[in-house]
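Please read this briefing with the sequence and the structure side by side.

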Amino acid sequence: MSVKEKRIPRVLSIQSHVVHGFVGNKCATFILQLYSFEVDVINSVHYSNHTGYKVVKGSRLSVDELRAIFQGLIANEIFEYDYILTGYMGSGELLAVIAEYVRLIKSKSPHVKYLCDPVIGDNGKLYVDQSCIEMYKSVILPLADIVTPNDFELEQLVGSQVKSNSDRYEEQVLWQSIQSLHKMGPTHIIVSSISAAKLGGKEDTLQIGCFTGTGDLFSALILAWFHKEKNLISACEKSISVLHQVLLKTIELCDSINIHNTCGNELKLIESKTAIEAAETLFHAVIIDTNIVQ
Amino acid sequence: MPSTKSNQIPRVLSIQSHVVHGFVGNKCAAFILQLYGFEVDLINSVHFSNHTGYKTVKGTRLRVDELQSIFEGLLANDILEYDYILTGYMGSGELLHVVAEHVKLIKTKFPHVKYVCDPVIGDNNKLYVDRSCIEVYKNELLPLADIVTPNDFEIKLLIGEQSNDTHTENEDNSIWQSLRTLHSMGPSHIIISSISADKIGRSENILQMRASSKISNDQYQTFRIDFPRLESSFTGTGDSFSALILAWLHKENNLVCACEKAISILHQVLLKTIELSKPISIHNTCGNELCLIESKTIIESGQILFRAVFDK
């Protein structure tokens with residue numbers, strides 16, 4: 001998928017930066033560089049650590065600052081990418097600027113694939129402004145090739161209630177929501193994890209703890225394996241498998257949790273280097289239907 | 001050099017520049033150190049589109065209050081525990097002062113911490129930073145540094161000497177004198193990553209790395225490594241070199257081996273960069289961006305090409 005056969009694939013990743021720990025660009029950069037991608041990294045925030053800690057200090061990128069960065073890249077003709085990856089963005093205004101430049105980059109390099117992780121919230125809680133949701137719907141999703149919402153974000157984007165009154169999740173509603181999301185732009189949609197209980201199945205007995213950065217890790221893995229495998233099914237099998245091994249390694253190595261971190265374990269990404277590179281497939285896809293009716 | 005807890009990987013705090021595109025500062029350090037199994041905490045002193053050799057540079061510098069804030073956050077969450085600290089480009093003396101304060105704090109709490117200081121001031125008689133930086137390096141950072149990696153221009157500014165271009169044997173002695181003076185300002189280990197050998201009466205096709213370890217008040221171990229000068233010019237070599245030195249010093253526990261590894265690996269990265277001979281952007285006036293990603297195997301295998309020669 002590179003423009004020139006010989007060069008390594010290039011990604012532009014726009015996510016948060018934390019000095020300590022692994023979320024956002026810290027995850028994406030490590031994973032993608034390990035898989036031999038050249039990664040250009042725009043940091044949407046510069047924080048001491050992720051927002052689950054007792055204290056978070058740092059600053060956010062302003063709209064002017066983001067524009068300036070893009071202007072610098074364009075002035076130096078550094079806009080040739082194979083992939084664009086976006087994650088957490090604190091405001092709708094920033095998303096609007098991003099949409100502008102994604103459009104520009106796509107017009108210059110039509111083969112570019114845009115993987116959008118529409119970070120809105122989780123477990124019924126919003127992480128971002130309402131303005132972000134509007135921007136995702138109106139300007140970002142139409143540009144996205146692959147989108148990786150969680151089930152809450154899927155609901156927010158298509159405006160449907162995926163939980164029914166009886167506390168039992170209708171699989172039908174889920175697939176309908178996914179169809180609605182396709183109509184908003186993206187060719188590929190991955191809803192990375194839904195508790196099996198929501199689909200009327202057994203609850204997952206492996207409640208091993210909570211982690212931060214798993215969503216960001218997952219999108220980076222999807223991008224890398226989608227590029228290598230050229231098909232979404234293999235990409236998902238690899239990504240879920242590698243993610244699972246990283247979580248197991250994190251549990252194995254977790255001696256003491258930082259008491260100031262209320263949000264679960266930091267991923268042991270560096271220690272998982274071998275597992276990430278080996279990428280053993282542990283889980284396989286079950287194809288449900290290739291002809292979903294309207 | 002042991003980690004704080006035996007089953008933990010070694011932790012580095014790296015405070016350098018961040019460029020969206022390309023490889024200088026923290027982009028070099030993070031890739032190299034993470035590849036070698038270090039956990040790297042990254043404070044970005046700037047957030048620029050690309051390095052300053054391009055026609056256009058856009059972005060922002062970290063302000064003093066922002067840097068203070070970041071340190072407050074790390075302290076409040078008890079995250080400020082490291083095995084190594086690495087600093088590079090910092091645009092102003094004020095920022096350096098905040099860094100010095102916190103390096104001192106970290107070293108007081110964790111006496112085993114080793115501080116690798118790349119005193120980025122300038123090169124080829126040109127300053128990259130504000131003059132105020134020189135004073136802060138001299139008075140506050142060098143006394144805290146365990147290892148320092150100046151180029152020959154920076155060493156002269158730090159010890160307060162005038163630059164001269166004599167091509168005599170005396171130049172050789174004056175380099176060793178400069179190292180001794182710099183030792184007295186704090187650091188136990190000094191590495192000058194490359195001096196053009198024509199300055200010391202030899203071929204201009206050879207570059208020479210010089211290093212010195214202070215063993216006691218009048219005992220020094222000094223050595224040099226010769227390696228070929230390559231025709232092309234590159235950016236990020238100094239930043240890659242300090243990261244390689246840190247990594248190999250940790251693995252080998254010995255400055256001589258660390259230098260042999262670092263010089264050898266860097267040379268192979270440069271050869272790989274030339275081999276891949278990507279067209280240099282017409283907007284980049286400063287030479288090739290290093291092909292670090294493509295050099296992953298080279299970096300990991302750590303093959304030694306050049307050996308140290310001891311003095312005296």
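Glu300(B) and Lys273(A) form a salt bridge, with their closest N and O atoms 2.8 Å apart; a salt bridge here is a side-chain nitrogen of Lys or Arg within 4 Å of a carboxyl oxygen of Asp or Glu. This pair crosses between chains, running from helix 9 (residues 296-301) of chain B to helix 9 of chain A, where helices (H or I, at least four residues) and strands (E, at least two) are DSSP runs numbered from the N terminus.

This is a predicted model, in which local features need pLDDT of at least 70 and side-chain atom pairs count only at pLDDT 80 or more, while totals for chains, interfaces and linings use all residues. Residues are numbered from 1 along each chain as its sequence is written, chains are lettered from A and ligands numbered from 1 in the order in which they are written, and side-chain values use heavy atoms, with hydrogens and water left out.

**Salt bridges between the chains**

- The count between chain A and chain B is 3 salt bridges, and the count over all chains comes to 21.
- Glu300(B) is partly exposed at 30% relative accessible area, whereas Lys273(A), at 16%, counts as buried; buried means under 20%, exposed over 50%, and partly exposed in between (1.4 Å probe, protein chains only).
- Glu277(A) pairs with Lys296(B) in a salt bridge whose closest N and O atoms are 2.8 Å apart.
- Lys57(A) forms a salt bridge with Glu72(B), the closest N and O atoms being 3.5 Å apart, and this pair links the loop between strand 2 and strand 3 of chain A to helix 2 (residues 64-76) of chain B.

**A salt bridge within chain B**

- Lys272(B) and Glu275(B) meet in a salt bridge at 3.6 Å, N to O, and both lie in helix 8 (residues 255-275) of chain B, 3 residues apart, about one turn of the helix.
- An α-helix has 3.6 residues a turn, so residues three or four places apart point the same way.

**The interface as a whole**

- In all, 49 residues of chain A are in contact with 52 residues of chain B, contact meaning heavy atoms within 4.5 Å.
- The two chains bury about 3900 Å² between them, 58% of it on carbon and sulfur atoms; buried area is the accessible area (1.4 Å probe) that two parts lose on being put together, summed over both.

**Helix 1 of chain A**

- Helix 1 of chain A is mostly covered, with 11 of its 11 residues buried, including Phe30(A), Ile31(A) and Leu32(A).
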